[in-house]
Amino acid sequence: MRYLFIVCFFMPFVSLGQQEVLLKVNNDEVTTADFVRVYEKNLALINDTEENSPEQYLDLFIDYKLKVQEAYRKGLHNKASYKKEIASYRTQLGKDYLNDVQVTDKLVEEAYNRTKNELRARHILVRVRPDALPKDTLAAFNKLLEARKRIVAGEDFAFIASKYSEDPSAKQNGGDLGWFKAFKMVYPFENAAYTTKVNEVSQPFRTSFGYHIVQPTASRIAQGSVQVAHIMIALKQKDSSIIAEEKIKEVRALLAKGAAFETLALNYSDDKNSAKKGGVLSAFEKGQLSSSKFENTAFDLKKVGDISEPFKTKFGWHILKLIKKNPVLSFEKMKPSLTKRVTKDSRARVLSQELNTRLREQYKITQEPEITSYFTSVLPEVYEEKLNVFTDDSALSKEAFKVGDQVITYKDIAQVLEKKYRKVPYVSRDYFVKREVENFVNNALITYHKSHLEEQDSDFGLLINEYKEGLLLFDLLKTEIWDKAQKDSVGLNTFYVNNIERYKALQTFTTRVFTTSQKKIASTYLKRNTQGENSNSVLSVLKKKHDSPIIITLKDFVKEDLPMSGIVKIGDKELLKEGGNYVVYEVVSINEAMTNTLQNVRGQVMSDYQKFLEDIFVNRLREDSNITVNKTVLNKLISRYNE
């Protein structure tokens, strides 16, 4: 039989080294750093002061390592369900380790500032496809330069917008976009608008829609959101005798006389969806609805319950009632939701670009221009559907670039480009090749980096390993302990019989508890009750006579918790002062100690039995294992935590 023994290494005393081997469990070595990381992480979870010490926790740690080793020995890590769970967790966790935290935080803070501060702006758009030919791109750019020059020279922006802009609404609104804030526009447009001073005109910039120039015209502190209820009388009525304006005035008169807004909304409003809810609409912000008149009226209401005068929109006549105003939340409260939006919004491209740049530097990828040049020379300038483009096997077999220990050939890239080439005809060969080569390199770098994150980031590796071991431990205990205990009715019953003293119900005292803040009331109750009067009758009389609150209840106590002193029997009474109250205790019955049946305490017995089986299981693992502890290192560790 093998056993736990302490090995005292004879070595000169040195300071506690993080890489010193503290423990060896079979073939697994545990350094001081390994142990300290787990020990300090779990320190707050261990309430027992003795088990808080390093030497006591070391026993728990050894048991843990033995169980994990046993799970691997049994091949539980090869189960399909285990591999699927780890892959899912790894993918989810990996997202947090790919993006630069500082860049993300900067974007989140920027988004919050742009949520707090709204902007009004107008723009001119010249449409151009993302894959447009260089001559078309240049023409769009120059057209906007010309428009900008005329505006800067003093011509009216709205007039120039009606002449130059390819936004269909420009002829009606002069390019005015109204008020907006973060996330309302694509990020490149939002960024250009917020980084251009009010009344200045930006240089041309590009989005997925084409080229723009933008002129911010005003800024303001965001007003948050507002929730109102409304009653709407539609302009067009089935009954031609009904005049919407007259009907809304009748409704307003009823409200002035005290009629309930909710009832009038249900009976009169032509907005049937909101009428069923008393006219209540979802909260909205300025710029969210298609009627500025409706928004302005809602935001002009000052106090909850205020009701507007009737007003007209293109939908009909309305009356509003203010339900609630919601100011912009603090940064701390909005940060989680903003972080989520930043990683899904077009801002995510900033994060992707930063990641791609970082990975190129990390893996020393410098060959991209050469790769792009090669495929540009191979593909035809004008798309040819039936052309077989990649035929030079010698050239394709060459190494394009290397990511870690993975070699990527020109053929690997060609296979992806050919699929894209066959799928969608390109307009610009140069744009197609540059985009697809860039995407290929990005994907190759990210795929490799994700699969080697444990090597790149020690924190990630530790979290993945903890999750792996946690899953294995759960599976091991489930199959070896918990499931077996559930099926072993004979063993459970034997354990219950052998430990029956644990499951005895304690003697309890059912006690009537009378509580009041007045000593005179408590004394009167005790006196009359002692004389034989019924407790409820006395209570009724006292409540009628005194305004002071009186409470009476029944409560069960075990002997140790019973407030009364001495040997207690049924009928005993005692008046005690507790804090600011006077309490009369009266024992009304005594429930003697008795043994619970297995059925009554099955849950507790099952838990104890499982722990019993686990102890046997762990002891067997200890007996079959080689466990050595470096006593010198352990003593230094103990001294460190005793300082």
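Good morning. The model is predicted, so local features need pLDDT of at least 70 and side-chain atom pairs count only at pLDDT 80 or more, while totals for chains, interfaces and linings use all residues. Residues are numbered from 1 along each chain as its sequence is written, and side-chain values use heavy atoms, with hydrogens and water left out.

I begin with the sheets. Helices (H or I, at least four residues) and strands (E, at least two) are DSSP runs, numbered from the N terminus. Two strands pair if DSSP finds at least two bridges between them. In general, strands of a sheet pair through backbone hydrogen bonds, either parallel or antiparallel.

Strand β4, residues 117-127, pairs with β7, residues 210-221, over 11 bridges in the antiparallel sense. Within this pair, Leu125 has His212 in β7 as its bridge partner.

Contact itself means heavy atoms within 4.5 Å.

A further open sheet is formed by 4 strands in the order β9-β8-β11-β10, with antiparallel pairing. Here β9 (284-285) and β10 (311-312) are at the edges, each with a single partner strand, so one side of each has no neighbour in the sheet. Strands β8 (residues 225-234) and β11 (residues 316-326) are joined in the antiparallel sense by 10 bridges, and Val226 has Lys325 in β11 as its bridge partner. Helix α9, residues 244-256, packs on this sheet and touches β8 and β11, its direction making about 40° with that of β11. Helix α10, residues 261-268, also packs on the sheet and touches β8 and β11, at about 45° to the direction of β8.

Elsewhere, β12 (residues 399-403) and β13 (residues 406-409) pair in the antiparallel sense over 4 bridges. Glu399 stands opposite Thr409 in β13. The two strands form a hairpin with 2 residues between them, and Gly404 in the turn has a positive phi of about 60°.

I turn to individual residues. Most residues other than glycine have a negative phi. Phe183 has a positive phi near 75°, and Lys364 has a positive phi of about 55°. Are these residues buried or exposed? Buried means under 20% relative accessible area, exposed over 50%, and partly exposed in between, with a 1.4 Å probe and protein chains only. Phe183, in the loop between β5 and α8, is buried, with a relative accessible area of 13%. Lys364, in the loop between α14 and α15 (368-378), is exposed, with a relative accessible area of 64%.

Ser202 lies in the loop between α8 (187-194) and β6 (205-206). At 7% relative accessibility, Ser202 is buried. Leaving aside residues up to four places away in sequence, Ser202 touches Arg148, Thr196, Ile213 and Val214.

Finally, the pockets. On a 1 Å grid over the protein atoms alone, a pocket is an open set of points with protein on both sides within 12 Å along at least five of seven lines, a cavity is a set where a 1.4 Å probe fits but cannot get out, and lining residues have an atom within 4 Å of a point. Grid points are joined across faces, edges and corners, and a volume is the space filled by probe spheres set on the points.

The largest pocket has a volume of about 870 Å³. It is lined by 27 residues, of which Arg349, Gln353, Tyr431, Arg435 and Glu438 are the closest to its centre. Helices α5 (134-152), α8, α14 (348-362) and α18 (429-451) each supply at least two residues of this lining.

The second largest pocket holds about 630 Å³ of space. Its lining has 20 residues, with Lys95, Asp96, Asn99, Thr343 and Leu351 nearest its centre. The largest share of that lining, 5 residues, comes from α14.

Key:
Axes are lines fitted to C-alpha atoms, for helices over the stretch in contact, and angles run from 0 to 180 degrees between N-to-C directions.
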